[in-house]
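This report describes one protein chain, from its overall build down to single residues. The sequence and the model come first.

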Amino acid sequence: MNISYNLLIPTRENVKTLECLRENAYQQASLVEEEKYYTERILSGKFLAYKASYNKEPVAGIYVSNRFGSLYIDQLFVKYEFQEKGYYFGKKLLLETLQRKKEIENYCNEIFAVSKIYPINQKARQIYESVGYEYLDSNWLLTKVLKREE
């Protein structure tokens, strides 16, 4: 399987491409207000965005920030036609992003002991729990304790 993971270079065109993918993932015609919110935050550097590409086609995206004193996963989405087909693009992108913890810490100028995420549905919750997220200090945010760098 020819899959690559890349930090998104924050240009308007790149962010628009990823936001169109997010709309497709959620099967919503237009997320205009949300699109504006995420576009502004990515372009201003408040969020980092990564993408997964399969045969050079973007198939998944993730937006991360330093909210809640954590490496916060704000959005994780997979192109609709690749969801629940056994490719596991979302899970793989999440794991790849967590592997890039040091890169994200350097960008945010912060050390993260945990990663947090708000699961939007049961299926998402199952994916997060399968990679070690659990309810620790909140009943609405899943938390994963991150390994310390040696």
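## A loop residue with positive phi

Asn55 sits in the loop between E2 and E3. Helices (H or I, at least four residues) and strands (E, at least two) are DSSP runs, numbered from the N terminus. Asn55 is not a glycine, yet has a positive phi of about 50°. With 47% relative accessibility, Asn55 counts as partly exposed; buried means under 20% relative accessible area, exposed over 50%, and partly exposed in between (1.4 Å probe, protein chains only).

Glu84, in the loop between E4 and H3, also is not a glycine and has a positive phi of about 55°. Its relative accessibility is 67%, so Glu84 counts as exposed.

## Basis of the model

The model is predicted: local features need pLDDT of at least 70, side-chain atom pairs count only at pLDDT 80 or more, and totals for chains, interfaces and linings use all residues. Residues are numbered from 1 along each chain as its sequence is written, and side-chain values use heavy atoms, with hydrogens and water left out.

## Overall fold

The protein chain holds five helices and six strands. Their order from the N terminus is β-α-α-β-β-β-α-α-β-α-β. The radius of gyration is 15 Å, close to the 15 Å that the globule rule gives for 150 residues, so the chain is as compact as a globular protein of that length. This radius is taken over C-alpha atoms, and the rule is 2.2 Å times the number of residues to the power 0.38. Along the principal axes, the C-alpha atoms fill a box of roughly 35 × 35 × 30 Å.

Contact means heavy atoms within 4.5 Å. Among contacts with a separation of 6 or more, 59% join residues 24 or more positions apart.

## Surface and charge

Of the 150 residues, 43% count as buried. The accessible surface is about 8700 Å², and carbon and sulfur atoms account for 47% of that surface; the areas come from the Shrake-Rupley method with a 1.4 Å probe, and for residues only the protein chains shown count as cover.

There are 22 positive and 20 negative side chains, and the centres of the two sets lie 2 Å apart. Lys and Arg count as positive and Asp and Glu as negative, without His and the chain ends. Each charge is placed at NZ of Lys, CZ of Arg, CG of Asp or CD of Glu.

## Nonpolar cores

A nonpolar core is a set of buried Ala, Val, Leu, Ile, Met, Phe, Trp, Tyr and Cys residues joined through side-chain atoms within 4.5 Å. The largest one has 28 residues, of which Ile73, Leu94 and Tyr133 touch the most other members. At least two of its residues come from each of strands E2 (48-54), E3 (57-65) and E4 (71-78) and helices H3 (89-99), H4 (101-108) and H5 (122-130).

A second, separate core has 11 residues, including Leu18, Leu21, Ile42 and Ala49.

Ser53 belongs to strand E2 and, at 5% relative accessibility, counts as buried. Beyond four places in sequence, Ser53 touches Asn2, Ile3, Ser4, Pro58 and Val59.

Val64 lies in strand E3 and is buried, with a relative accessible area of 2%. Not counting residues up to four places away in sequence, Val64 has contacts that include Lys46, Phe47, Leu71, Ile73, Thr97 and Ile104. Val64 and Pro119 are 55 residues apart along the chain, and their C-alpha atoms are separated by 14 Å.
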